[in-house]
Amino acid sequence: MVGGGEGAYIGNIHRLASRLDGAWQLVAGAFDVDAEKGRAFALSQGMDEARSYGTYLDLIAGERGRADKVDAVAICTPNFTHYPIAKALIEAGFDVICEKPITATLEDAVALEKLARESGRFVGVTYTYSGYPMVHEARVRVAAGEIGAVRSVQVEYPLEWMSKPIERQGNAQAAWRTDPKKNGRGGSIGDIGTHAYHLAGFVTGLKLQALTADLATFVEGRALDDNAHVMMRYEGGARGLLWSSQVALGNSNGVRLRVFGETGSLQWFQEQPNELLYTPLDGRVQIIKRGADDLSVDAKVRTRTPPGHPEGYLEAFANLYVGFAEAIRARRDGRAPGALGQNLPLAYDGLKGVAFVEAVVDSAEAATPAWLTPVAV
Ligand code: NAI
């Protein structure tokens with residue numbers, strides 16, 4: 001692992017999730033931007049002294065010559081460091097599991113996706129919400145035509161934690177997220193809008209054609225958007241609305257997806273992740289529960305406990321990790337991956353996510369966005 005040191009957020013989730021199914025062992029790391037702190041943290045996490053590295057370059061130098069070198073490296077650092085770290089790892093022959101957004105700029109995303117493709121290295125991207133079994137169930141049902149042609153997609157990711165200028169009050173996570181050089185051009189849209197965009201595309205299979213966006217910065221002095229509204233047009237005519245916010249009081253991680261088709265709709269809310277709501281034309285709302293016998297293989301292989309015993313965020317994240325392991329193993333064995341190793345977020349999905357964020361910011365910055373038609377009263 002690179003990043004995810006003492007006090008960091010997502011690194012610990014990676015550690016927990018990667019170990020849940022015994023598919024991975026964490027054996028080496030350069031965990032912190034401060035080399036000494038990183039080494040101390042590695043030791044505290046049980047790494048061998050020789051594999052407790054100060055920097056990612058030390059990690060590459062130390063691991064590449066070992067007979068038991070690491071199989072893959074998880075990148076859990078702020079956005080602007082993803083590209084140089086991933087590039088160095090891929091060029092040294094390592095497979096990579098990278099946090100989203102895959103890079104801070106479109107230029108870097110294009111270069112990284114190309115490098116991944118041409119090198120043949122595995123690059124998985126942790127779009128967390130595509131790990132949930134009921135999200136897979138929704139994807140399978142849309143693909144099977146259960147709701148007919150999709151007409152509209154409503155997707156949102158509201159958070160509240162940045163409602164005050166916490167980036168100026170000592171919050172390390174907020175500090176880099178509000179610095180365009182470290183975060184990239186999209187504030188809420190780059191941080192969480194990119195999750196919502198991926199989730200909507202993952203479930204519907206729709207390809208985005210065009211968008212128009214309204215970005216707002218509500219906290220005074222903040223350099224990036226903290227609220228984004230995006231109107232989207234998909235190929236084939238479906239419409240979408242995406243909302244991401246870091247200032248939506250009362251919302252912790254209220255990811256919600258609603259897909260409306262000609263003959264039915266599907267709704268999934270991450271705060272009730274074990275349920276999927278299905279409404280057929282002329283029918284009643286039905287609650288489809290995780291663990292039910294008649295679910296798809298895609299949902300079943302991502303389910304560990306019987307219905308009624310809740311699964312959630314960590315299990316969803318673990319599904320990505322166990323899927324990445326299966327995909328890597330299958331490639332090494334020269335066979336097709338099983339269901340767990342399919343439909344995973346990869347480098348191309350990461351590139352599409354960054355392209356989306358850039359398009360949103362371009363739209364919002366345009367002198368006269370198309371939708372700003374004056375209203376004559
Ligand atoms: P954080 O600020 O809590 O942690 C970053 C860690 O990276 C720190 O330990 C820091 O010392 C370390 N670091 C920074 N530069 C480094 C370098 N050059 N070498 C080694 N370590 C270095 O950040 P947080 O919130 O954990 O976010 C990290 C990444 O994870 C971001 O890209 C973010 O977008 C993504 N993320 C993804 C989530 C998901 O749901 N998939 C949720 C939260 C964050």
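In this model, which is a predicted one, the second largest pocket has a lining of 27 residues, and those nearest its centre are A23, W24, Q25, D71 and A72. Three elements, namely α1, β2 (72-76) and α11 (313-333), each give two or more residues to that lining, and α11 makes the largest contribution among them, with six residues. If we sort the lining of this second largest pocket by class, we find 15 nonpolar residues, four polar ones and eight charged ones, and the space that the pocket holds comes to about 520 Å³.

Let me now move to the largest pocket, whose space amounts to about 1,100 Å³. Its lining is made up of 46 residues, and Y9, C76, Q173, W176 and R177 are the closest of these to the centre. Which elements supply at least two residues each to the lining of the largest pocket? They are β1 (2-3), α1 (10-19), α4 (82-91), α7 (172-177) and α9 (188-204), and within the lining it is α7 that holds the largest share, with four residues. As for the classes, the lining of the largest pocket has 20 nonpolar and 17 polar residues, together with nine that are charged.

Technical notes. Residues are numbered from 1 along each chain as its sequence is written. This is a predicted model: local features need pLDDT of at least 70, side-chain atom pairs count only at pLDDT 80 or more; totals for chains, interfaces and linings use all residues. Side-chain values use heavy atoms; hydrogens and water are left out. On a 1 Å grid over the protein atoms alone, a cavity is a set of points where a 1.4 Å probe fits but cannot get out, and a pocket is an open set with protein on both sides within 12 Å along at least five of seven lines; lining residues have an atom within 4 Å of a point. Grid points are joined across faces, edges and corners, and a volume is the space filled by probe spheres set on the points. Ala, Val, Leu, Ile, Met, Phe, Trp, Tyr, Cys and Pro count as nonpolar, Asp, Glu, Lys and Arg as charged, and the others, Gly among them, as polar.
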